[in-house]
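Please look over the structure before reading on.

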Amino acid sequence: MLTSATVLTVNNHKEQPDMHFNSIHKAAILVAALLTQSVLPHLATAQDIGDIPPEIRIITNGHNFPADAYTLLVQEVGNPTPVLAINTDQPMNPASTIKTLTTLAGLEVLGSDYTWKTEVYALGPVSDGTLQGDLLIRGGADPFLVEEHVRSMLKILRRRGVQHITGDLILDNSLFDTTMLAGSPVDNQSGRAYNVAPEALLFNFQVVNFFFYPHTNGRDVIVRSDPALPNLRIDNRLRQRDGTCTGYQRGISFSENSENNTVTFSGEHPSRCGEYSMTRAVLDPAQYNYGLFQALWRELGGEFDGQLRQGSLDSLATADATPFVVWQSPPLGDIIKSINKFSNNMMTRQLLLTLGLQHAGVPASIDKGIEAVQQYLDGVGIDRSALVMTNGSGLSRDTTLTADMLGAVLQRGYQIPTMPEFVASLPLAGIDGTMRNRMTSGDGHASSHIKTGSLNDVAGIAGYVHARSGKHYVVVALVNHAQAHAGPGQELGDALLGWVWQH
């Protein structure tokens with residue numbers, strides 16, 4: 001079964017690129033840093049406070065970072081004066097570290113107990129187990145309507161007496177404005193799970209796990225999918241090649257034809273691979289929801305004779321507008337853990353749109369959500385003059401903010417009554433989320449709650465370090481420079497976290 005934890009882990013922009021440097025490369029950086037340390041000093045600005053620590057300067061000089069390619073902020077919680085502030089008034093692309101702002105605004109504006117509701121309507125009489133009419137599912141922007149939750153929702157429908165549906169399945173996705181779908185993915189990879197767009201009704205993040213196994217005949221490759229959608233056709237053109245389990249995507253190419261709901265796998269898969277898996281967003285949202293509904297409804301013993309239709313409850317002439325089933329999501333206090341731990345873009349964008357609903361009503365739009373965040377920042381007295389927000393998740397080339405603003409957000413997050421929920425939503429260094437493979441031992445291990453961020457040429461961290469002295473520090477480091485995402489940005493961030501932990 002495709003579990004929610006599995007979906008969360010894979011449904012993100014790549015926050016963990018291959019960042020392992022061999023010892024020769026690291027030695028070269030150290031030599032370069034020592035040679036250039038006096039040549040490439042940081043040029044202090046009027047806002048800078050403190051000196052860049054030597055272990056950080058080694059990295060900035062070793063990778064030839066220009067003086068304006070990074071920003072660093074270290075500030076004790078509750079103390080207005082930073083310990084270290086470098087370029088903190090300079091607008092930078094924050095990548096996914098901006099999720100700290102979106103989730104904090106959600107936590108304070110909506111409340112930690114806020115839940116989303118998905119409504120199921122029986123548009124006809126139910127008699128002797130048969131719904132004589134259509135079944136309508138109305139999306140309520142639930143960002144975590146994963147497979148097991150959809151199954152549980154349909155089990156309630158079965159328990160309340162519906163076994164056979166004679167009409168169609170109508171999906172009501174009218175809560176969001178269609179303008180939120182404008183534009184292309186930041187990397188033009190629409191099939192990648194981290195690029196799934198928000199929808200008022202979206203099952204299971206719109207993703208399928210594909211599993212590949214070399215056939216014992218030595219030629220073919222077996223492909224299985226989870227969930228198995230009856231309306232998704234798999235065109236398997238894979239062949240085996242003799243070899244070990246290596247190569248990009250193990251030699252597997254993926255393509256999709258949306259006109260006939262077909263995915264095609266081609267290429268040569270190594271014969272000595274065991275189970276290999278690939279996760280992709282497939283179909284369009286309505287077709288995906290329709291396929292998963294059919295699969296789960298039949299799994300539960302239900303019968304369905306109809307087809308897929310899209311429409312809104314408000315446009316249908318029906319006297320009975322009382323939902324037959326209401327499915328309630330987990331509370332926001334739990335949802336933000338899924339967002340921040342695994343850097344889930346779609347869930348963050350759903351949250352921003354929900355803030356827009358709260359702020360300005362139906363239909364939700366990105367602009368309304370941004371206005372809600374701006375109003376929140378104004379209300380708590382955080383300067384947003386340098387903030388450019390596009391979708392709340394950081395999956396954008398146009399988003400900018402300053403380390404000063406992000407630091408103020410984190411300071412706020414540590415002072416609110418729901419501080420424990422907010423801090424606990426951030427990955428714990430060396431333990432879980434997008435920090436699970438970083439700082440796995442040594443200074444700072446299991447002592448920092450850190451939101452990571454990564455786009456091509458962008459890397460960042462933002463969160464809290466619980467230092468060995470017992471003090472708590474807000475820490476922000478953003479790098480906007482060629483190949484920052486491929487290792488140098490992580491090096492700088494981890495070195496800063498270790499240095500702060502020593503305080």
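Predicted model: local features only at pLDDT ≥ 70, side-chain atom pairs only at ≥ 80, totals over all residues.

How many disulfides does a search of the whole structure find? The search finds one disulfide.

**Disulfide**

- Cysteine 245 and cysteine 273 are joined by a disulfide, with an S to S distance of 1.9 Å.
- The link of cysteine 245 and cysteine 273 is right-handed, with 90° about the S-S bond.
- Cysteine 245 sits in the loop between strand 11 (233-241) and strand 12 (252-257), and cysteine 273 in the loop between strand 13 (262-270) and strand 14 (276-281), so the pair ties together parts that are 28 residues apart in sequence.

**Strand 8: side chains**

- In strand 8 (residues 169-172), Leu169 and Leu171 point one way, while Ile170 and Asp172 point the other way.
- Side chains in a regular strand alternate between the two faces of the sheet.
- Leu169, Ile170, Leu171 and Asp172 are all buried.

**Strand 8: pairing**

- Strand 6 (residues 134-138) runs parallel to strand 8 and is joined to it by four bridges.
- Isoleucine 137 stands opposite leucine 171 of strand 8.
- Strand 16 (residues 308-310) also pairs with strand 8 in the parallel sense, over three bridges.
- Arginine 309 in strand 16 has isoleucine 170 opposite.

Key
Residues numbered from 1 in each chain as written. Heavy atoms only, no water. Buried < 20%, exposed > 50% of the residue type's maximum accessible area, 1.4 Å probe, protein only. Helix = DSSP H or I, 4+ residues; strand = E, 2+ residues; numbered from the N terminus. Pairing = 2+ DSSP bridges. Disulfide = S-S within 2.5 Å.
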